[in-house]
Amino acid sequence: MATNITWHQGLTHAERTTYLRQPGLTIWLTGLSASGKSTIAIALEQHLLHNSYVSYRLDGDNIRFGLNKDLGFSPSDRVENIRRIGEVSKLFADSGTIAITSFISPYKADRELARKLHEEAGLGFVEVHVDVPIQVAEERDPKGLYKKAREGIIKDFTGVSEGAPYEKPESPEVYIDNSKGSVEDGVKKIVDYLVEKGVLKFPKV
């Protein structure tokens, strides 16, 4: 890191949350490819916005068209991918926005680093494990990625390729068995948790 830089403090997080009448936090969805993370994240963002909560979704595919377009899928690139998202989501949360991330984020250490970044800044971090058996993910396979990985066309594919494991969260705040139930059920589980913990209120006050 450069040594000739200074952090400039402006509005505090407390001031932003007071003006916006909502907490800033990150809801971090993790799970295998085709587990349904993005679908739930989209529906959650819509639900929050329709209830006047400012939120923004950071998607694993979309982010690689810009911020992370220089990264591939090697172990080191996966680590850097999630490190950047951890930092970006922290900035969103600090702004008073509810950041919703949907990334495979296969490594426990990387998810813990993202959590630590938030906790050290006094920001909320909610880990959501969107879980399906890999057989179910392969049956869905909307992009044909599992098939290509099995054929050796795609290398370093999480859950399939050697050296590309998915390390399941041990104690996520929210667990969703997405092989059963609907998208609405998944959104409800997340919202119910946030309401139970006093993070959000419906209707917004």
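Leaving aside its neighbours within four places in sequence, which residues is threonine 101 in contact with?

Modeller: The model is a predicted one: local features need pLDDT of at least 70, side-chain atom pairs count only at pLDDT 80 or more, and totals for chains, interfaces and linings use all residues. Residues are numbered from 1 along each chain as its sequence is written, and side-chain values use heavy atoms, with hydrogens and water left out.

Threonine 101 belongs to strand β3; helices (H or I, at least four residues) and strands (E, at least two) are DSSP runs, numbered from the N terminus. Its relative accessibility is 0%, so threonine 101 counts as buried. Buried means under 20% relative accessible area, exposed means over 50%, and partly exposed lies in between, with a 1.4 Å probe and protein chains only. Apart from neighbours within four places in sequence, threonine 101 is in contact with Thr26, Ile27, Trp28, Leu29, Leu58, Ile85 and Ser89. Contact means heavy atoms within 4.5 Å.

An α-helix has 3.6 residues a turn, so residues three or four places apart point the same way. With 20 residues, α3 reaches 29 Å from its first C-alpha to its last, close to the 28 Å expected at 1.5 Å a residue; the expected span is 1.5 Å times one less than the number of residues. Just after α3, glycine 96 takes a positive phi of about 95 degrees.

Rings of Phe, Tyr and Trp (its six-membered ring) pair if their centres lie within 6.5 Å; planes under 30 degrees apart count as stacked, over 60 as edge-to-face and the rest as tilted. In the whole structure, five aromatic pairs are found. In the pair of tyrosine 56 and phenylalanine 92, the ring centres are 5.2 Å apart and the planes are at 5 degrees, so this pair is stacked. Tyrosine 56 is in strand β2 and phenylalanine 92 in helix α3, so the pair ties together parts 36 residues apart in sequence. Both residues are partly exposed: tyrosine 56 has a relative accessible area of 42%, and phenylalanine 92 has one of 25%.

The loop between β2 (55-59) and α3 (75-94) holds arginine 64. Arginine 64 is buried yet has no salt bridge, and the nearest side chain of opposite charge, aspartate 61, is 6.1 Å away. Here Lys and Arg count as positive and Asp and Glu as negative, while His and the chain ends are not counted. A salt bridge is a side-chain nitrogen of Lys or Arg within 4 Å of a carboxyl oxygen of Asp or Glu. A polar atom of the arginine 64 side chain lies 3.0 Å from the backbone oxygen of glycine 72.

Elsewhere, salt bridges do occur, and the structure holds 20 of them. Arginine 57 and glutamate 45 meet in one of these, at 3.7 Å from N to O. This pair links distant parts of the chain, with arginine 57 in strand β2 and glutamate 45 in helix α2 (residues 37-50), twelve residues apart. Glutamate 45 has 15% relative accessibility, so it counts as buried.

Arginine 111 forms a salt bridge with glutamate 127, the closest N and O atoms being 3.0 Å apart. Arginine 111 lies in helix α4 (residues 108-120) and glutamate 127 in strand β4 (residues 124-131), so parts that are 16 residues apart in sequence are tied together. Arginine 111 counts as buried at 1% relative accessibility, and glutamate 127 is buried with a relative accessible area of 4%. Glutamate 127 also meets arginine 115 in a salt bridge (3.8 Å, N to O). A network of salt bridges links Arg111, Glu112, Arg115, Glu119, Glu127 and Glu173.

How values were computed: A polar contact is a pair of N or O atoms within 3.5 Å; within protein, one must be able to donate a hydrogen and the other to accept it, and residues adjacent in sequence count only if both atoms are side-chain atoms.
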